[in-house]
Amino acid sequence: MAEPTAVNPSIPPSGTGCAECLAAGGWWVHLRRCAACGHIGCCDSSPMRHASGHFAASGHPVMQSFEPGEEWFWDFRTGAVVEGPVLAPPTSRPADQPVPGPAGAVPPDWRRHVR
């Protein structure tokens, strides 16, 4: 189970997409939500790996998948899946949002850019 200081279940997500990618006109493969502050960042398969960057900058170690139907948590300190509580809604990106996303920003050769 994730330690209580690493998770704040009352904080809503920061948006429906990776905050940094949206600000820079970038794109992502999958989304992750910081369990402490709600920041939405892109996964490590994405070109910019903003969820990992958020952990490095903030020290917030626990992320949850922000993909529809996925409820798992990840602890960057241990590199392992951990259990966590239900977080404030919404618990995923909109189901009609494309993967990868966002619509219109993903290059046609996106597979060449993933890790």
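Glu 67 and Arg 93 form a salt bridge in this predicted model, a salt bridge being a side-chain nitrogen of Lys or Arg within 4 Å of a carboxyl oxygen of Asp or Glu. The closest N and O atoms of Glu 67 and Arg 93 are 2.7 Å apart. Glu 67 belongs to the loop between β3 (62–65) and β4 (73–75), while Arg 93 belongs to the segment after β5 (80–82), so the pair ties together parts that are 26 residues apart in sequence. Strands here are DSSP runs (E, at least two residues), numbered from the N terminus. Both Glu 67 and Arg 93 are buried, where buried means under 20% relative accessible area, exposed over 50%, and partly exposed in between (1.4 Å probe, protein chains only).

A search of the whole structure finds four salt bridges, and two others among them are described here. Arg 112 pairs with Asp 109, with 2.7 Å between the closest N and O atoms. Arg 112 is exposed, because its relative accessible area is 67%. Asp 109, with a relative accessible area of 29%, is therefore partly exposed.

Asp 44 forms a salt bridge with Arg 49, in which the closest N and O atoms lie 3.4 Å apart. Asp 44 counts as partly exposed because its relative accessibility is 31%. Arg 49 has 32% relative accessibility and so counts as partly exposed.

Residues are numbered from 1 along each chain as its sequence is written, and side-chain values use heavy atoms, with hydrogens and water left out. As the model is predicted, local features need pLDDT of at least 70 and side-chain atom pairs count only at pLDDT 80 or more, whereas totals for chains, interfaces and linings use all residues.

Terms used. Helix = DSSP H or I, 4+ residues; strand = E, 2+ residues; numbered from the N terminus.
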